[in-house]
Amino acid sequence: MKLISRYHKDQAKALKAWFELNNPSQKTESTDLDPSLSPAQNIEQEEGKEKAQTKKAKEAFDPAFSTLLFEDRIFTLPNNADLVFGKALPDSVDLIMDRKDLPKADWQVFENCPHANPWILPVDRFDPALAALKDNEGLVRTHVLMNTSMIDEKWCRPALKRLIAPEDEVCVLAFSFFDDTKNLADWNKQYKKGQGIWYRSNTDVFFWYGLKENQVHWVNYFTDDSIKMQDAIRNSNILLLTGGAPDLMMKRIREKKLKNVLKDYQGLIIGYSAGAMVQLADYHITPDEDYPEFSWQKGIGWLEDFDVEVHYHHSRIQKEGMNQAYAAKPKPIYAIEEQGGMIVDPDGSKSFFGKVECFDEHHPDYGF
């Protein structure tokens, strides 16, 4: 679990200077070589730049700041950073630490941050050599798209184990139920602990990764108000989007005014079936037993450069649906089979596990 402590103004400048002096891995490395110079001259030029950078850092760093920088700091989840530290300024810097590298201390409640309770960790002292710096340059988010919630099965564990840690906090957003779930009693039959048919398949699956049951937090559509829902989302670093009806999930997200807090989410997002589809800006629905007609729908909009076909089993109607979707919006369509999935890392790079096909004009079923 990555935690943040935010630095502003003079402290931000001093922190950058400290890292340039003491943590070479944080220095910006130049990869632009001058073709007019020999290799030896290029090396000499780079060494000169590094010396100048170090000199500048020494001049910028005031040793008196050392105690202020690394003692009596507060760390919190990335989604709570604005609540705890205030909005990031253009010159703000976030210091990133892994929860396991911080002293073993309990989360605490701070009265001035009611919507971040209790996920605030005060730290007397930490080792800055284990930290990393992040300029305020955008959100950090990883996406997993699958067909099943069973993330603890052997076929997918090798791909997912790098993404899930024992210290993580999970928020389950089960908004994808169909219209036959009309009230709290109906919802409980699906999702309530000890009663719901889907509770264990969305909770116990995290145990293999070292999480405990009290680290998996469910949003209740029928009992939680919008503020409580937003708090639950922000107080997590893994967001689980359940399967079912993607269009109804989006309708409820808009109804509960959760679109903005979701758009700004940082961390790991795992969505299966409908929960995979709504991660996209636009997604198509191929006709099946629940949806008699082909349609285009709007998603949350995290991912824009591809489409998906979930539960792919090479049927005629799925091939026709992908051709219809590609003709309207010619971008890759990843056809994900039952034991298949994909990961989109923060830099946009994609990796696949299990059985996934890429449908485009080069696919053998193009023009089917």
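**Salt bridges in a predicted model: close-up views**

A search across the whole structure finds 18 salt bridges, a salt bridge being a side-chain nitrogen of Lys or Arg within 4 Å of a carboxyl oxygen of Asp or Glu. The structure is a predicted model, in which local features need pLDDT of at least 70 and side-chain atom pairs count only at pLDDT 80 or more, whereas totals for chains, interfaces and linings use all residues. Residues are numbered from 1 along each chain as its sequence is written, and side-chain values use heavy atoms, with hydrogens and water left out.

**View 1. The protein chain as a whole.** The protein chain contains 12 helices and 15 strands, where helices (H or I, at least four residues) and strands (E, at least two) are DSSP runs numbered from the N terminus. Of its 368 residues, 50% are buried; buried means under 20% relative accessible area, exposed means over 50%, and partly exposed lies in between (1.4 Å probe, protein chains only). Among contacts (heavy atoms within 4.5 Å) between residues at least 6 apart in sequence, 74% join residues at least 24 apart.

**View 2. The salt bridge between Asp305 and Lys350.** The side chains of Asp305 and Lys350 meet in a salt bridge, with 2.9 Å from N to O. Because Asp305 lies in the loop between β12 (295–298) and β13 (307–309) while Lys350 belongs to strand β15 (residues 350–359), the pair ties together parts that are 45 residues apart in sequence. Asp305 is partly exposed, with a relative accessible area of 45%, and Lys350, at 28% relative accessibility, also counts as partly exposed.

**View 3. The salt bridge between Asp365 and Lys319.** Here the side chains of Asp365 and Lys319 form a salt bridge at 3.8 Å, N to O. Asp365 sits in the segment after β15 and Lys319 in helix α12 (residues 316–328), so this pair ties together parts that are 46 residues apart in sequence. Asp365 counts as buried at 15% relative accessibility, and Lys319 is likewise buried, with a relative accessible area of 15%.

**View 4. The salt bridge between Asp224 and Lys228.** Asp224 forms a salt bridge with Lys228, and the closest N and O atoms of the pair are 3.6 Å apart. Asp224 is buried, its relative accessible area being 11%.

**View 5. A network of salt bridges.** In this view, Arg6, Asp82, Lys87 and Asp94 are linked to one another in a network of salt bridges.
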